[in-house]
Amino acid sequence: MRGAIAIAIDGTDMLTVSNIEVKLIQEETGVELLFSGSGVAVADSSTVQVEISKEVAMQLDTSPLRGQVMFTREDGYPDATRPFTVPVSELIKEEGYGS
């Protein structure tokens, strides 16, 4: 089973960028997660979606994560979003992962 989080991106058309990476850090647990490739999907021009596996979700406690999305613009310029905060409850499927 997998969960996912949708991340809204302001000011950039995500359909025109490449090399998208999403970094999430939970300072309290020391967990640092980096998602790229097939783990990150462009949902529409202003949203990316990150797949969260049960194994990853089980590493986290209830404290929020800090995140940032990095990417390469059409002109080859590397760019990134402003840091944001993600509540752990948004990373886990509503019905849970089961046993």
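Q: Why is glutamine 26 called buried?
A: In this predicted model, glutamine 26 has a relative accessible area of 0%. Buried means under 20%, so glutamine 26 is buried. Glutamine 26 is found in strand β2, which covers residues 18–26.

Q: What makes the pair formed by the side chains of glutamine 26 and threonine 29 a polar contact?
A: The two side chains are 2.9 Å apart in this contact. The cut-off for N or O atoms is within 3.5 Å, with one atom able to donate a hydrogen and the other to accept it; the pair is therefore listed as a polar contact.

Q: Which residues does glutamine 26 touch, not counting those up to four places away in sequence?
A: Glutamine 26 touches Val31, Gln59, Leu60, Asp61, Ser63, Pro64, Leu65 and Val88. Contact here means heavy atoms within 4.5 Å.

Q: Why is asparagine 19 called exposed?
A: Asparagine 19 has a relative accessible area of 57%. Exposed means over 50%, so asparagine 19 is exposed. Asparagine 19 also has its place in strand β2.

Q: What makes the phi of asparagine 19 worth a remark?
A: Its phi is near 50°, a positive value in a residue other than glycine. Most residues other than glycine have a negative phi.

Q: Which residues is asparagine 19 in contact with, leaving aside neighbours within four places in sequence?
A: The contacts of asparagine 19 are Met70, Phe71 and Thr72. With threonine 72 there is a polar contact between side chains, at 3.2 Å; the limit is within 3.5 Å, so the distance meets the definition. Asparagine 19 and arginine 73 are 54 residues apart in sequence, and their C-alpha atoms are 8.9 Å apart in space.

Q: How do you know that β2 and β3 pair?
A: They are joined in the antiparallel sense over 6 bridges. At least two bridges are required, so β2 and β3 count as paired.

Q: Which face of β3 is covered and which is uncovered?
A: Val31, Leu33 and Phe35 form the covered face, while Glu32, Leu34 and Ser36 form the uncovered one. In a regular strand the side chains alternate between the two faces of the sheet.

Q: Which residues have the most contacts inside the largest nonpolar core?
A: They are Ile7, Phe35 and Val69, in a core of 24 residues. Strands β1, β2, β3, β5, β6 and β8, together with helix α1, each supply at least two residues of this core. Leaving aside its neighbours within four places in sequence, phenylalanine 35 is in contact with residues including Ile20, Val22, Leu24, Val50 and Val56. In soluble globular proteins, nonpolar side chains tend to be buried together.

Q: What is the pattern of helix and strands along the sequence?
A: The protein has 1 helix and 8 strands, in the order β-β-β-β-β-α-β-β-β. Buried residues make up 38% of its 99 residues.

Technical notes
Residues are numbered from 1 along each chain as its sequence is written. This is a predicted model: local features need pLDDT of at least 70, side-chain atom pairs count only at pLDDT 80 or more; totals for chains, interfaces and linings use all residues. Side-chain values use heavy atoms; hydrogens and water are left out. Helices (H or I, at least four residues) and strands (E, at least two) are DSSP runs, numbered from the N terminus. Buried means under 20% relative accessible area, exposed over 50%, partly exposed in between (1.4 Å probe, protein chains only). A nonpolar core is a set of buried Ala, Val, Leu, Ile, Met, Phe, Trp, Tyr and Cys residues joined through side-chain atoms within 4.5 Å.
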